[in-house]
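Subject: Structure handover

Hello,

Here is the structure I said I would pass on.

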Amino acid sequence: MPTPARPATLLYNAAAGSQRRASPAGLHHALLDADYDAEVWLTTSPEDVVERLPYITGTLFIAGGDGTLRAAALHALNRPDLVLGVLPLGTANNVARAWNAMGDPLEVARSYRDAYPAPFDVGRVRGQWGEDHFLEACGCGLFAEVLDDYNPHAPKSPVRALGSVFEALTTLNPLGVRVTVDGAPVSSPPVVLLEVMNTPSTGNGLHLAPRATPGDGQLDLVRVEAAHHLSLVHYGRAILGGTFDTLPGVSTCTGRSFTVADQGQVFHVDTDLRRSHESGGTVQIDVLPGALSVLCPVAG
């Protein structure tokens with residue numbers, strides 16, 4: 001007598017960037033091949049995801065991009081009754097890449113047959129504005145300034161994105177901010193970029209911390225010193241090639257707790273933007289080890 005398929009829920013974002021790659025019915029059948037009988041819930045907004053999440057237990061497959069995944073994951077913190085699986089339908093899919101869940105969504109769904117649950121860390125940020133959490137990264141400097149000008153929650157536009165990059169490059173002043181790692185001060189020369197990374201990439205596939213592992217209980221600090229500013233071509237090649245952390249002037253280290261001096265600069269928390277009402281004090285960034293439980297697909 002065949003073993004009954006395992007119950008699950010499939011949360012499908014019909015507004016995801018590349019949802020045409022896999023329909024809800026197609027993903028449902030692919031998950032059946034992986035021995036999961038998933039109830040399909042359609043959504044078009046993060047708010048809808050948050051409303052539905054309290055009613056879901058067991059295995060939750062999230063079909064969408066990083067925004068959909070973040071909306072669900074950050075409302076599933078410390079839920080031992082919930083295990084997440086990601087089905088990449090977005091454009092960057094930074095979290096899916098960190099989970100080894102990249103590729104054709106239907107093939108990823110089938111790969112969950114022999115998947116195993118694993119811990120996934122989450123970053124916590126506390127500033128004058130309050131407390132936030134991130135899956136990918138938090139930081140200040142160039143990337144945060146680009147996001148601030150671009151407005152990532154507006155409709156996507158390559159032309160507007162290029163304009164934001166140009167604006168940030170021509171107006172950005174190096175940041176001279178004090179930094180501590182696990183309570184100890186570290187050398188803090190002026191920087192043009194400061195990121196605390198949980199996943200290897202953030203944004204539109206910016207591979208800033210190729211060796212970051214989101215289940216090791218640590219975060220990766222990445223800084224680009226202003227005195228070693230290279231051309232965009234050098235940075236671009238290194239980002240695409242996964243060698244960004246080897247460039248001159250790029251310093252990296254790992255830790256569990258970080259502070260960054262708050263001088264009123266804008267910070268990004270994944271794609272959300274935060275700024276203190278007044279300068280002074282510090283922004284505290286910590287890792288929450290294993291705050292999520294995720295399914296890691298087994299490579300074929």
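The notes below go through the sheet, the cores and a few single residues.

Please keep in mind that this is a predicted model.

I looked at an open sheet of 6 strands, in the order 14-13-10-7-16-17, with antiparallel pairing. Strand 14 and strand 17 (272-274) are the edge strands, each pairing on one side only. From one strand to the next, the twist averages 20°.

Strand 10 takes part in two of the pairings described here. Strand 7 and strand 10 run antiparallel and are joined by 5 bridges, with Ala137 opposite Met197 in strand 10. Strand 10 also pairs with strand 13 (residues 219-225) in the antiparallel sense, over 6 bridges; Leu193 has Val224 in strand 13 as its bridge partner. Strand 10 is mostly covered, with 7 of its 7 residues buried.

Helix 6 (residues 142-150) lies across strand 7 (137-141), strand 10 (191-197), strand 16 and strand 17. The helix runs at about 90° to strand 7.

In soluble globular proteins, nonpolar side chains tend to be buried together. The largest nonpolar core here has 50 residues, and the members that touch the most others are Phe61, Leu87, Trp99, Tyr112, Leu135 and Leu292. Strand 18 (residues 282-296) gives this core its largest share, 6 residues. Apart from this core lies another, of 21 residues, including Leu194, Leu219, Val269 and Ile285.

Leu135 can be followed in detail. Beyond its neighbours within four places in sequence, Leu135 is in contact with residues including Leu69, Arg70 and Ala73. Other contacts of Leu135 include Val95, Phe120, Val122, Asp270 and Leu292. Helix 3 (residues 66-73) is mostly covered, with 7 of its 8 residues buried.

Asn13 is found in strand 1 (residues 6-13). Because its relative accessible area is 10%, Asn13 counts as buried. Asn13 and Thr43 are 30 residues apart in sequence, yet 4.9 Å apart in space from C-alpha to C-alpha.

Asp245 is found in the loop between helix 8 (232-241) and strand 14 (250-255). With a relative accessible area of 18%, Asp245 is buried, since the cut-off is under 20%. The side chains of Asp245 and Arg211 are joined by a polar contact of 2.7 Å. Leaving aside neighbours within four places in sequence, Asp245 is in contact with Pro210, Arg211, Val250 and Thr252.

Cysteines

How many disulfides does a search of the whole structure find? The search finds 0. Cys253 has 27% relative accessibility, so it counts as partly exposed. Cys296, at 15%, counts as buried.

Regards

Conventions
Residues numbered from 1 in each chain as written. Predicted model: local features only at pLDDT ≥ 70, side-chain atom pairs only at ≥ 80, totals over all residues. Heavy atoms only, no water. Core = buried A, V, L, I, M, F, W, Y, C linked by side-chain atoms within 4.5 Å. Buried < 20%, exposed > 50% of the residue type's maximum accessible area, 1.4 Å probe, protein only. Helix = DSSP H or I, 4+ residues; strand = E, 2+ residues; numbered from the N terminus. Contact = heavy atoms within 4.5 Å. Polar contact = N/O pair within 3.5 Å; in protein donor to acceptor, adjacent residues only side chain to side chain. Disulfide = S-S within 2.5 Å. Pairing = 2+ DSSP bridges. Axes fitted to C-alpha atoms, helices over the stretch in contact; angles between N-to-C directions.
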